[in-house]
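Work through the exercises below with the sequence and the structure at hand. Each task is followed by a solution in steps.

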Amino acid sequence: MDEGKMDENEWGYHGEGNKSLVVAHAQRCVVLRFLKFPPNRKKTSEEILQHLQNIVDFGKNVMKEFLGENYVHCGEVVQLPLDFVKQLCLKIQSERPESRCDKDLDTLSGYALCLPNLARLQTYRFAEHRPILCVEIKPKCGFIPFSSDVTQETKRRVCRYCMHQHLKNGELIYGCRDVCSPVADWSELAHHLKPFFFPSNGLASGPHCTRAVIRELVRVITRVLLSGSDRGRAGVLRRGPSPRGPHVCEASPFSRSLQCQGKNPPEHSGLPKDCLLYKTLQVQMLDMLDIEGLYPLYRRVEQYLEEFPEERKALQIDGPYDGAFYQKLLDLSTEDDGTLAFALTKVQQYRVSMTAKDCSIMIALSPCLQDASREPRPVVPSSGSRLAFSVSVLDLDLKPYDSIPHQYKLDGKITSHYSKAMRAEGTVLSARFQEGEDCTLVLHKV
């Protein structure tokens, strides 16, 4: 990318989260990610540069090592003309959701991250003129806490995600636009998906068609998620015997499905060890002590830093996230020897695990070329077609050290609220779904 010849008209609004905003190039498969800040909170250009470089280094030296280089795209820090950034900010302002406009795009430093557009197939530098279906999966936490430090029995039966939904929604919710017309929603979704999975139009319309298309979507996504195309080193995170206790959240639809079939919960995840989901789970399980066991260790580090604040840099709290930082994460001991080193290692492992619990998996699917043998990407078969695909992981910024006290308080609040709600209802309900309900996939135009 030639930073000296930037035209804001070649870029369009792509999306934004709480801390950053992304624009995509109209022709090339690249995006620019800018940091966002509240109007009254400004950072120097040097601070922003270091922040972005830390994101790149953590992705390259830690997450790429754990998950595999084909899945993690670190990008690079670029410096852009300030006039381009300001004009771009004006151009996209009207497209931003009102709920996200409480923070402003950084227009003063000129620094941004240049990354591949993960909503496209990851092979060519330029956008291909072929239909693309992109699906975002939020894996969340894939295990029930097994630490002996857990004091709330509810946490040993119900996952954090299900409990958190009760706290955020107050009551069970349904995903469709209109609760009275879920059939219409499913039909509309199937109409958009049918060309990808049954391009010959040999499948008649109607409820049978809708169910067939949705089943095919789920089957293809499942096959892609369980495929193994990259080696990552999450397998080096070897642990002792499998922890005792349930391996399935009691409040999940999966648990009810097992009960209906008269089956017992599996003793292990059952995931292939070379698939991305297994690697993600291994990184999530770096949270070996739960926040209840981790918080006293965080306080040990904090007390040391209060006495020796100049040591914060040496402890790599804020970076650099280099090879030495990664190597310390491989220490899976749980026997506290009372040292600062033990406490610091567990704190850093917890931050990495929380990052893996909040990441996104992007799956891009596209019908194969007529000559499938020339397809440069991996291919997944479908009932009526063959689909080229690429899988990527994003939202891999290391969770802040200073957020640990908030996580500790939130954990207590979530557990307490859920326990009270369940005592009032007298049963364990799903935080999100009831029997017979379905979720809705939301398609965004790419």
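A salt bridge is counted here where a side-chain nitrogen of Lys or Arg lies within 4 Å of a carboxyl oxygen of Asp or Glu. The model is predicted, and side-chain atom pairs count only at pLDDT 80 or more.

**Exercise 1. Decide how the pair Arg299 and Glu306 is classified, and state how exposed each partner is.**

Step 1. The closest N and O atoms of Arg299 and Glu306 are 4.0 Å apart, and the pair forms a salt bridge.
Step 2. Buried means under 20% relative accessible area and exposed means over 50%, with partly exposed in between.
Step 3. Arg299 has a relative accessible area of 27%, so Arg299 is partly exposed.
Step 4. Glu306 has 55%, so Glu306 is exposed.

**Exercise 2. Locate the salt bridge of Arg312 and Asp402 in the chain and classify the exposure of its partners.**

Step 1. The N to O distance between the side chains of Arg312 and Asp402 is 3.7 Å.
Step 2. Arg312 sits in the loop between helix H8 (290-307) and helix H9 (323-328), while Asp402 sits in the loop between strand S10 (386-394) and helix H11 (404-425). The two residues are 90 residues apart, and the pair links distant parts of the chain.
Step 3. With 24% relative accessible area, Arg312 is partly exposed; with 54%, Asp402 is exposed.

**Exercise 3. Explain which parts of the chain the salt bridge of Lys399 and Asp358 ties together.**

Step 1. The side chains of Lys399 and Asp358 meet at 2.9 Å, N to O.
Step 2. Lys399 belongs to the loop between S10 and H11, and Asp358 to the loop between helix H10 (340-357) and strand S8 (360-367), so the bridge ties together parts that are 41 residues apart in sequence.
Step 3. Both partners count as partly exposed: Lys399 has a relative accessible area of 26%, and Asp358 has 28%.
Step 4. Elsewhere, salt bridges that share partners join Lys155, Arg160, Asp290, Glu292 and Asp411 into one network. A search of the whole structure finds 16 salt bridges.

**Exercise 4. Describe the packing of H8 against H11.**

Step 1. Two packed helices are described by the angle between their axes and the distance between the axes.
Step 2. For H8 and H11 the angle is about 145° and the axes are 10 Å apart. The crossing is left-handed.
Step 3. H8 contributes Ile291, Glu292, Leu294, Tyr295 and Tyr298 to the contact, and H11 contributes Ile404, Pro405, Gln407, Tyr408 and Asp411.
Step 4. Sorted by class, the contact has seven nonpolar, one polar and two charged residues.
Step 5. Tyr295, Tyr298 and Tyr408 also belong to one aromatic cluster, together with Tyr401.

**Exercise 5. Find what the buried residues of H3 pack against.**

Step 1. The buried residues in helix H3 (residues 160-169) include Cys162, Met163, His164, Gln165 and His166.
Step 2. The buried residues of H3 pack against H11.

**Exercise 6. Classify the ring pair of Phe66 and Tyr326.**

Step 1. The structure holds eight aromatic pairs.
Step 2. In the pair of Phe66 and Tyr326, the ring centres are 5.1 Å apart and the planes stand at 55°, so the pair is tilted.
Step 3. Phe66 lies in helix H1 (residues 45-67) and Tyr326 in helix H9, 260 residues apart.
Step 4. Phe66 is buried at 0% relative accessibility, and Tyr326 is buried at 2%.

Key
Residues numbered from 1 in each chain as written. Predicted model: local features only at pLDDT ≥ 70, side-chain atom pairs only at ≥ 80, totals over all residues. Heavy atoms only, no water. Buried < 20%, exposed > 50% of the residue type's maximum accessible area, 1.4 Å probe, protein only. Helix = DSSP H or I, 4+ residues; strand = E, 2+ residues; numbered from the N terminus. Axes fitted to C-alpha atoms, helices over the stretch in contact; angles between N-to-C directions. Left-handed = near helix turned anticlockwise from the far one by under 90°. Contact = heavy atoms within 4.5 Å. Nonpolar A, V, L, I, M, F, W, Y, C, P; charged D, E, K, R; others polar. Phe/Tyr/Trp six-rings, centres within 6.5 Å; stacked < 30°, edge-to-face > 60°.
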